[in-house]
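User: Please pick one part of this model and go through it closely. Then set it against the rest of the chain.

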Amino acid sequence: MTTGKINVSVENIFPLIKKFLYSDHEIFLRELVSNATDATLKLKHLTNIGEATVEYGNPKIEIKIDKEGKKLHIIDQGIGMTSEEVEKYINQVAFSGAEEFLDKYKDSAKDSGIIGHFGLGFYSAFMVAEKVEIITKSYKDEPAVKWICDGSPEFTLEPADKSDRGTEIILHIAEDSTEFLEESRITSLLNKYNKFMPVPIKFGTRTEKIEQKKGEQVDAEDKDETFKSVEVDNIINNPNPAWTKQPADLTDEDYKQFYRELYPMQFEEPLFHIHLNVDYPFNLTGILYFPKLSSDMQIQKDKIQLYQNQVYVTDNVEGIVPEFLTMLRGVIDSPDIPLNVSRSYLQADGAVKKISNYITRKVADKLKSLFTENREDFEKKWNDIKIVLEYGMLSEPKFYEKAGSFVLYPTVDDKFYTLDELKEKIKDSQTDKDGKLIVLYAGNKEAQHGYIAAAQEKGYEVLLLDSPIVSHLIQKLESDNEKMSFVRVDSDHIENLIKKEETSISKLSDDEKEKLKTVVEAVVPKPSYSVQLEALDSNASPFIITQPEFMRRMKEMRQSGGGGLFGMGIMPEMYNVVVNTNSELATNILNTEDKSHQEHLVKQALDLAKLSQNLLKGEDLTAFVKRSFELIK
């Protein structure tokens, strides 16, 4: 038997491991299963290149709980270790056997799937165990050995009675970590971290019905003559997930089935998928899915899972996936993503930026092809994907450059235009006196119905732009298209913005208009409302409430997170009361001698206009209802 001290650079590294090195103690199982996977894949590679003459077979990793003995076993049938290798890889903390193996076989082991980057991974066991045993036998014809350590730098190394190759790690679970002796806890961790490991993982057994052979005896409890009950290994992982395969080998149903495997509680099918597969200048595979999205961007995030060689790392992928795509779902797997020792948080560097740029380009190319190949289907899905694309246009310049060819601008009548198509459509009918294109849009089809109808009566095209970030988007579009301006249909009246061949002439003289304005201003609350007189069509509404486009847009941008960008405090409510001087009501107000009745008419007209904009509330609404009942009495 050998005894000695583990070669560590501090007096006792174990308290550091337990308290500081890993942010989450549950990570120990991921590390140990990952090491077992490496040991198995190393053996596979050595047998493939003829360096190991043993039979590889169909190895698996087994997890066993001994609740009574307070032990957790992790068993593999991999490469194993000799006594010298235990000294080298276990007793010299921070030396990674995976890294040395990859370096030695760097050419032939390129695609072996060996994880590497483990370093202190094995010692994560001491976060939950008061003592750890390793019983291991190498694939080489050498004796098995047992290594024991109780969490101090002291260890023992002695011969072991083990005839089959591989390694068994036994954790004697500490009193403060007995949760890891519960089957449900281990199942949860294996499903979280090891669901797609490339080696089968057994955890317990399950009963299955299989077809019996002719003449075979069946247990008394098996009533069915065709089938019998048998105990089979409970394999908890899928060693060959969809993202590890070539797109040509997968059907649409395969992609949908994998989506259901990733998100078993998600009942809606994804709209479409994007398969990522690149091996130069970095390695990255994965599948991204576009789900149906709500307008709440925050709720959607943290649905993409990041893996490193099929080992789950995190679902916080910001920095690798462009921020606008974090609202998607799916998997990204790359051995080239730099991770710290816990592999829980990303470290930014040039390789990560290249990966982010690649994903952006790949998504843009896929969207372009979907638009080109089946525009009708793309239009049907637009409302479910627009928030991602609009966010991408605002946050990623490279995506914005490509987006013009597939981003759509729907109208209130469910027609869809690209920006170039829209410009062509309105160039002859919606320009101001300076030749600038005026793009009319509604933010709420129901609330702005009257304004939409008035615009459509004049032959104007009205877009429906109702995402929460639309104000930011149109600000960017205007800055990149100097001869174009976006105006909401209920903003400063469109009659002043769009060039007309004929201008309506007011029925009222200048003196009459001045008098009418004074009467209305006496009733309109200040400073939130200002009165404007306009000569509109006699059939148009007598009183119309609009908002100054600039003020309303800045307020919306602040509410959707742009306040810091514009350095503004609380934006005041500002509205225009537009009085149609050609309306019969305007004439009646002007000609009414009874001041009380005159005020009554203005109040009723103003309240109707406010009601159409959902601005009539509280006491004003109660007074309006009472006044209206008096009128119909």
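Analyst: Two residues are in contact here when heavy atoms of theirs lie within 4.5 Å. Counting contacts between residues at least 6 apart in sequence, 71% join residues that are at least 24 apart. The model is a predicted one. Its chain contains 18 helices and 22 strands, and 49% of its 633 residues are buried.

In general, the strands of a sheet pair through backbone hydrogen bonds, in either a parallel or an antiparallel manner. Here β20 and β22 (residues 575–580) run parallel and are joined by 6 bridges. Within that pairing, Leu533 has Val579 of β22 as its bridge partner.

Helix α17 can be followed from end to end. At its N-terminal end the cap is Asp594, which has a side-chain oxygen 2.9 Å from the backbone nitrogen of Ser596. The length of α17 agrees with expectation, because its 18 residues at 1.5 Å a residue should span 26 Å and its end C-alpha atoms are 26 Å apart. Just after the helix, Asn614 has a positive phi of about 60°.

The buried residues of α17 include Leu601, Val602, Ala605, Leu606 and Ala609. Gln598, Gln604, Asp607 and Lys610 are buried as well.

Elsewhere in the chain, the largest nonpolar core has 63 residues, and Phe290, Ile359, Val388, Leu389 and Phe406 have the most contacts inside it. Helix α8 (residues 350–373) gives the most to this core, contributing 9 residues. Setting aside neighbours within four places in sequence, Ile359 is in contact with Leu276, Leu284, Leu288, Ile320, Val321, Pro322, Leu325 and Ile332.

Strand β10, residues 272–278, is largely enclosed by the rest of the structure, because 6 of its 7 residues are buried. Its antiparallel partner is β11 (residues 284–290), to which 7 bridges join it. The two strands form a hairpin with 5 residues between them. Phe272 has Phe290 of β11 as its bridge partner, and Phe290 is also one of the residues with the most contacts inside the largest core.

Strand β12, residues 304–308, has 5 of its 5 residues buried. Ile304, Leu306 and Gln308 point one way from β12, while Gln305 and Tyr307 point the other way. Parallel to β12 runs β14 (residues 329–333), joined to it by 4 bridges, with Gln305 opposite Val331. Antiparallel to β12 runs β13 (residues 311–314), joined to it by 3 bridges, with Gln308 opposite Val311. The hairpin of β12 and β13 has 2 residues between the strands, and Asn309 takes a positive phi near 50° there.

Gln430 lies between α11 (419–426) and β17 (437–442). The relative accessible area of Gln430 is 1%, and this residue is therefore buried, the limit for that being under 20%. Its side chain reaches the backbone nitrogen of Glu461 at 2.6 Å.

Notes. Residues numbered from 1 in each chain as written. Predicted model: local features only at pLDDT ≥ 70, side-chain atom pairs only at ≥ 80, totals over all residues. Heavy atoms only, no water. Core = buried A, V, L, I, M, F, W, Y, C linked by side-chain atoms within 4.5 Å. Buried < 20%, exposed > 50% of the residue type's maximum accessible area, 1.4 Å probe, protein only. Pairing = 2+ DSSP bridges. Expected span 1.5 Å × (residues − 1). Polar contact = N/O pair within 3.5 Å; in protein donor to acceptor, adjacent residues only side chain to side chain.
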